[in-house]
Amino acid sequence: MTISTAETSAGIRAWGPSVSFPSTVPEQGSIPALDPSSLAPRTSAVAKVWNAKKSAIIIAVVLVIALAAAGSGFTVLQRRDSSQMAFDACQQAITINQKSVTRLKKTVESTTSATQTAADAVADPQTIDNLKAAIDKVGDVKQAENSCSPDAEADQNLAADAAITEQTRALGSKNEAILDANDAVASSKARKDALNAKQALGDQLEQLQSVSTSSAVSSADLQTRKQYSDALNMTQQLLLSDQIMSAAIYQSASQQLQAAVDKVNQSALQQQQ
């Protein structure tokens, strides 16, 4: 069965009123108009982003310049501080050197008299010669030249500090050598004095041995005889020791021995009366 176009149209009309649909194909020669207001929000957003980026770039550049300036200033300050510290250290080295010169001169003055000690007054005469040699090495004592400069670079003042310190150490070494030599003379003299005192105590004991059997001892009271016997024993033990004591110890033993002898004589006289 064939349906004609007319019948189809009649059928459509029979279903209801006719409906008109707009055409989806633009008419030839017509272009849709662009609304300028639709671009305004996008243009404003792009401008804001660009301004923000430009501000960030400017701030970054300013920070870089500021940091560079601060770094340069810090370097200058650091250089000034190091130069000042080097100058202060150099000045301190000069002060120490001056004190060392003064101390060395006083040491020479105070020890010169020991060089006049007689050779037989010491146990070892070589100590006197050593002291003389130590004093002769001092020569003419002079202070170090003040080569410190506040306007000089740190390296220059540090080099001057090292040179001055080296001279000060040499002065200190000479001072210590003199003091050591002087102590050696004093020790040698003390030993000689101790040997002489020991010899004198031995001679005293030898002379008193004959008194032990004398009538004075036998006639003294019992306590006096005991004190005398104790003094003799102590003296003998002291003289038999290989260790050299001080002269004062030998002299004290001599005084105690003599005091015991005096009591014996006094007791003997009392017993005779």
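This is a predicted model: local features need pLDDT of at least 70, side-chain atom pairs count only at pLDDT 80 or more; totals for chains, interfaces and linings use all residues.
Colleague: Glad to look at this with you! Are Cys 90 and Cys 148 buried or exposed?

Modeller: Residues are numbered from 1 along each chain as its sequence is written, and side-chain values use heavy atoms, with hydrogens and water left out. Buried means under 20% relative accessible area, exposed over 50%, and partly exposed in between, with a 1.4 Å probe and protein chains only. By that scale, Cys 90 and Cys 148 are both buried.

Colleague: How many Å apart are the sulfur atoms of Cys 90 and Cys 148?

Modeller: A disulfide is a pair of cysteine sulfur atoms within 2.5 Å, and the count by this rule is 1 disulfide. Cys 90 and Cys 148 form a disulfide, and the distance between their sulfur atoms is 1.9 Å.

Colleague: Which parts of the chain does that pair link?

Modeller: Helices here are DSSP runs (H or I, at least four residues), numbered from the N terminus. The disulfide of Cys 90 and Cys 148 is left-handed, with -80° about the S-S bond. The pair links distant parts of the chain, 58 residues apart: Cys 90 sits in helix H2 (residues 40-111), and Cys 148 in the loop between helix H3 (126-136) and helix H4 (154-208).

Colleague: Now the charged pairs: which residue forms a salt bridge with Lys 189?

Modeller: A salt bridge is a side-chain nitrogen of Lys or Arg within 4 Å of a carboxyl oxygen of Asp or Glu, and the whole structure has 2 salt bridges. In helix H4, Lys 189 lies 4 residues, about one turn of the helix, from Asp 193. With the closest N and O atoms 3.4 Å apart, the salt-bridge partner of Lys 189 is Asp 193.

Colleague: Why are Asp 230 and Lys 226 separated by about one helical turn?

Modeller: Asp 230 and Lys 226 form a salt bridge, with the closest N and O atoms 3.1 Å apart. They are separated by about one helical turn because, within helix H6 (residues 222-240), they are 4 residues apart.

Colleague: And why does Glu 109 count as exposed?

Modeller: Glu 109 lies in helix H2. In space, Glu 109 is 9.7 Å from Ile 135, C-alpha to C-alpha, and 26 residues from Ile 135 in sequence. Glu 109 counts as exposed because its relative accessibility is 63%.

Methods
Helices (H or I, at least four residues) and strands (E, at least two) are DSSP runs, numbered from the N terminus.
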